[in-house]
Amino acid sequence: MRAEEILELLRDYIVEAKSVGERRIFATTDAAKYRQALRALKDRGFVHLSTITGVDLGDRMEVIYHVDCGGIVLNLKLPLPRESPSLRTVTDIFPGAVLYERDLMEMLGVRVEYHPDPRRLFLPDDWPANKYPLRKEE
Amino acid sequence: MNSLDFLFAYFVFPGLLFAGVVGLLLGGIDRKLTGRMQNRVGPPIWQEFLDVGKLFSKEDITPSAAQGLIFTAAPLVALGSIVAIFLLLPVNSPRPALSSVADLIVIIYLLNIPAICAMLGGYSSACPFGVVGSGRYIAQLLGYELVFILAVLAAALRVGSLSVADVVAYQAGKGWLALQPRLLPAAVAAILAAQGKVLRVPFDIPEAETEIVHGPLTEYSGPKLALFRIAYDIEVFAVAALIVALFFGGPVAHTLDGIYVPGVVSFLIKCFALVLLTTCVRNICARLRIDQALKFFWTFAALLAFISLVSVL
Amino acid sequence: MPRILPTVLKNLFRGPATIKYPRERVEPPERFRGKPVVDKEMCISCGLCVRACPNDAISLDENTKKPRIWLARCIFCGRCAEVCPRKAIKMTKEFELAFYDKSKAVSE
Amino acid sequence: MTFVLPIGPQHPALKEPEHFRVEVKGEEVVDVDVRLGYVHRGIERELARRSFARGLFLSQRVCGICTTHHGLCYCQAVEQLAGVEVPERAEYARTIMAELERIQSHLLWTGVAAHEIGFDTLFMLLWRDRELVMDLRELISGNRVHPSMETLGGVRWDIRPEHELKVERSLKKLEAEVKRYIDLFTSDRTILARCEGVGVLRRQDALELCAVGPTARGSGVPFDVRRDDPYAAYGELEFEVVTEEGQDVLARALVRLREIMESIEIIREAIEAMPKGALRARFPPEVPDGEAVARVEAPRGELLYYVMARGGDKPERVRIRTPTYANLASLKPMLVGSTIADVPIVLASIDPCFSCTDRITVVDVETGASKVVSKLELRRRTS
């Protein structure tokens, strides 16, 4: 399962992609197609979602799904608007994502719809409601 | 048995002082041996005295949510009852300090009072770990008590009397009860039940440190905990003493190739051997779950005791 | 018969694996990274150690311009000893560094 | 009537503060909820404020037991960014230090597990043998807990022949002991009574919940970063991934013990095949714009670092996903249905390392300015 075959698999779900080194692929997708991309990966047998990373790039937000495809790490990047970032949960495809999405909601303020258990994970209970530590405040 | 003798017997010789010192010493030796078995230096033998001494100097705290009266009374009653047992046990001579017709039954009940006090202490301390610990303690008590009573009954039936003095006298004549084939299973069952009675691994489930902190004694600290610690150490000594008296001949003086061995010494040696056995057992196994412990007691150990009981009928 | 019984009984007669520290001591190995000590003569006050320290534990004295290492902040990583061009800072074998007074936790 | 038993944040079974709300009906566990954040140090924001050279020492302190793996993963991510090629001898030295760390971490865990099930003798003996490996780490790097041998571009010290001799001797002694422990874990009746069939994580659940490391391998999932995505010198070394089919606490324990034997073989192979050569490549102070993902197989499982930099000597964003974080979700299927007495040993069976998991950024915002909360203040806030 080389990098090209994975790119081929996701050809019509991703906007642009580049494979770095032997076992790393950075692909960008958009809000409409990211669930089909993850669904295609799951059907192909890649069940291990390593984690979900949230990055605040200043002008926009980026949510990255790191999926392990037989040793190759596919980093699926999903740009989101900075004002009210929101996306649908992927726990129906990758149940293991439940904690990562709570982490995302808590730290970056990305609203994840239909999340089974949207409570706080790390921050203390008396933490102010709409303050998100990983956002760029400047 | 006028009151002065009684006071002396209760507070000094077979009672508080003697039993306390020997109990704490046995506890210290047990900890030192455990250390050496685990390939480490281990505390000095008198460590128990230091611990208890330090605990007495600590502040006496009663949790506000606890029922103060029961919480404070539990350790006192536990210590009082366990010391009372030594009046009934033959320590230096075949005749114990206080002797009556059926003192074996009195001993069995007195031996249970410290356990019940620990449970009362646990429930009265209103701490979740205390409550769960006491619940487990009751379950385990039902387990080992059945086996212990069957074993003791087998010995008593063999001798034909419920008085410890008679049992010791019988053994003086006919040799140790444990060596008789019909009563060997009862002796083994009694030792297994003792492992449960003195809460040693694999049966220290009520005080499982990693699950419920210290079980019933979680909220105890300072002098109250010191009393419980002394009561616990004396209880280990008392259980060993009872099994020695019933199955291993009790304090019988005999001469070993010319040297005259007084009753007390042989009694202490045998008790020490039994405690050594429990130390060894506690260092070679893991702690069982409460349901496994009950299954063990009610099937394996109870069967052993029952076999010798039936064979003796 | 439990497999651990022979081990446990053997341990009874073997010496303990532990020693009675602090009465008996074990000599740390040669590369041990203990308290960093500054050799004032060798030091040319270049300040490389101040920049290299990951935890900003080293500061140059105002007038003597020699490094002063605040042991409460030092993580004993050995970077200062590594980058010092004159090898003026050395990691000694001393590791008993408890202090009652925080201001004394300094290696001049 | 269910009764909520609070376990943690202060509890003898948990070596680190985390809080489990365990709902029980009598002795049977009905539901488990985990609550983290007690050792929350905001390491990721700190890493964004520190240069790569300094950040390396902070990344090593995310966890006290797998420091080499965190440092190694951070180094590899930054080296990928800077496009620096690490010399061959350094790759082998890194592999040896990583495997030594795996051995001491597994010995530590097995000792703690033995203590959880009340087998204190085994706990003491296991931790005595662990000292063999800790002394090796101290001999080679000068510090037994934080060797911090790896640095950007290679390693800081060399493993000299006389060190290799001592390593060989200690490993031979350790191998004999671990063989005995494996034999014990498969035969001792009381250990089997407490570990067999307890905390079952079905293979399907392990795959669904993306479990990693021995937790997954104990349920038959052969996922190991050292073989799938080789780093350091693992590409050139033969070793086989240890898996067990038991899916319970005992299987996870056996995976870890057998992995120790495997690690001993890897170290021996690495010492033999270690080429001569430089220890470090030159590392530029500035790093070009870009992003990198590095993965290592930490003792608890796959550890992932994502580093994104926009030029300069500081990373823009660092994401650390530790193995315990991935395994937390698998705790629920293991625990529901077991009894209170099993809770500590099942919790321990995923070898949780919570100081790893709580490291996301916190910024004090009440004062408006984005002042980063000092560690002390942070602890006050979260205690």
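I take two strands as paired if DSSP finds at least two bridges between them. Helices (H or I, at least four residues) and strands (E, at least two) are DSSP runs, numbered from the N terminus.

I am working on a predicted model, where local features need pLDDT of at least 70, side-chain atom pairs count only at pLDDT 80 or more, and totals for chains, interfaces and linings use all residues. Residues are numbered from 1 along each chain as its sequence is written, while chains are lettered from A and ligands numbered from 1 in the order in which they are written.

I began with the hairpin of strands 4 and 5 of chain A, which has two residues between the strands. There A:G70 takes a positive phi near 55°. Strand 5 covers residues 72-80 and pairs with strand 4 in the antiparallel sense over nine bridges. I looked up A:V67 and found A:L74 as its bridge partner in strand 5.

On to strand 3 (residues 48-56), which is antiparallel to strand 4 over eight bridges. A:H48 stands opposite A:D68 of strand 4. Four residues lie between strands 3 and 4 in their hairpin, and A:G58 has a positive phi near 95°.

I then checked burial. A residue is buried if 20 or more other C-beta atoms lie within 10 Å of its own, exposed if 12 or fewer, and partly exposed in between, with C-beta atoms placed from the backbone. In strand 4 (residues 61-69), eight of the nine residues are buried.

**Cores.** I count as a nonpolar core a set of buried Ala, Val, Leu, Ile, Met, Phe, Trp, Tyr and Cys residues joined through C-beta atoms within 7 Å. The largest one has 270 residues. B:V147, B:A151, B:I243 and B:A305 are among those with the most contacts inside it. Helix 10 of chain B (residues 222-247) gives the largest share, 20 residues. Another core, of 11 residues, lies apart and includes C:C53 and C:C84.

**Contacts between chains.** Contact here requires C-beta atoms, placed from the backbone, within 7 Å. Four pairs of chains are in contact, and A and D share the most contacts. Chains A and B do not touch; their nearest C-alpha atoms are 24 Å apart. Chains A and C have no contact either, with closest C-alpha atoms 23 Å apart. I also noted that 11 residues of chain C contact nine residues of chain B.

**Chain D.** I logged 16 helices and 10 strands. Of its 383 residues, 58% are buried.

Methods:
Contact = placed C-beta atoms within 7 Å.
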